[in-house]
Amino acid sequence: MRLDLGDSIEALEWTVSRWYRWGSFAPGALMGIVPPLVTEKTAVLSDELNHNCIINAIALARPAEKRIYKHLDMGELERSLETAAKTCMRAIIVTDGIFSMRGDHAPLDRIMTLARAYDDGFAENVIVVLDDSHGIGAFGVTGRGTEEYTNSGPADLLVATLGKAFGVNGGYIVAEEAIIRYLRETSPFYIYSNPITPPEAAAAHKAVDILDSPAGATMLMHLRAMTARFKAGLIRRGFETLPGEHPVVPLMLRDTARTTAMVVHLRQNGILATGLNFPVVPKGDEEIRFQISADHTPDDIDAALDALARFAA
């Protein structure tokens with residue numbers, strides 16, 4: 001069963017469970033679903049910049065083979081599938097939809113094409129697991145995330161959260177009914193946890209309704225405009241950022257001391273942004289991670305850009 005943003009609250013309750021009481025909830029969901037899908041003849045293929053929760057889920061699962069492909073390198077992913085097909089019966093490709101430290105997105109359309117092309121080479125098929133916690137609600141014309149943006153069609157399992165764009169609580173899995181029933185019976189992270197409360201479910205349903213309304217479409221359009229304004233302003237002022245339309249916007253500084261000093265400067269000017277240094281990001285990829293919101297105005301964006309320009313001067 002695929003959960004559409006316009007589905008009823010009963011459908012929402014069917015796919016949602018509370019994996020943890022705190023933090024970002026998709027990590028618990030990933031830890032709960034990957035091990036039950038892995039057998040002694042399973043290969044797991046993972047992007048090198050996948051979120052830590054994916055790395056931990058793979059470690060917990062102990063697959064027969066673990067293959068890490070270079071970031072967004074579809075050629076290496078294909079070679080990994082070719083090699084794994086010689087020894088494994090099942091392949092699981094797991095990827096972030098939006099890479100949360102950088103704001104770039106997986107080429108999910110190409111991943112799905114590769115998965116279908118190599119499906120017959122595995123007796124137990126190729127399964128695509130997509131963690132789109134940063135995409136759902138903020139990416140794509142209607143906020144349906146990386147699947148919508150890349151026009152890929154649905155991944156076999158979609159993992160996301162109600163705790164980011166929807167502002168509530170709870171991680172959830174979207175998949176065919178047979179998979180959901182299997183995970184309900186085999187995932188200890190689901191079996192030994194508590195469900196979200198009725199008020200949380202109602203709040204989540206209301207957030208989905210807002211997103212799927214004309215008001216939501218207007219908010220998403222404004223969010224895209226503010227993101228584009230900020231990125232264009234960074235480039236005009238000689239800063240380095242990465243291409244992409246997601247509202248996570250990285251300012252690449254590639255220097256720990258400069259990153260730390262700029263974060264302090266921004267806070268002194270009333271701007272909260274997150275500095276990322278090694279080991280959170282690789283050495284040489286030090287950055288400040290900005291998150292644009294639909295509440296931001298053009299004046300907000302310009303004030304942040306002006307503060308950055310004063311530091312650079």
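This is a predicted model: local features need pLDDT of at least 70, side-chain atom pairs count only at pLDDT 80 or more; totals for chains, interfaces and linings use all residues.
Local features need pLDDT of at least 70 and side-chain atom pairs count only at pLDDT 80 or more, while totals for chains, interfaces and linings use all residues. Residues are numbered from 1 along each chain as its sequence is written, and side-chain values use heavy atoms, without hydrogens and water.

**Largest pocket**
- The largest pocket holds about 600 Å³ of space. A pocket is an open set of points on a 1 Å grid over the protein atoms alone, where a 1.4 Å probe fits, with protein on both sides within 12 Å along at least five of seven lines. The volume is the space filled by probe spheres set on the points, which are joined across faces, edges and corners.
- Its lining has 24 residues (an atom within 4 Å of a point). Closest to the centre are Gly-137, Ala-138, Lys-164, Ala-165 and Leu-223.
- α9 (198-211), α10 (214-236) and β10 (287-291) each supply at least two lining residues. α10 gives the most, with four. Helices (H or I, at least four residues) and strands (E, at least two) are DSSP runs, numbered from the N terminus.

**Strand pairing**
- Strands β2 (residues 42-47) and β3 (residues 65-69) run parallel, joined by five bridges. Pairing takes at least two DSSP bridges.
- Val-44 has Lys-66 in β3 as its bridge partner.

**Cysteines**
- The count of disulfides is zero (a pair of cysteine sulfur atoms within 2.5 Å).
- Cys-53 is buried at 5% relative accessible area, and Cys-88 is buried at 6%. Buried means under 20%, with a 1.4 Å probe and protein chains only.

Technical notes: Buried means under 20% relative accessible area, exposed over 50%, partly exposed in between (1.4 Å probe, protein chains only).
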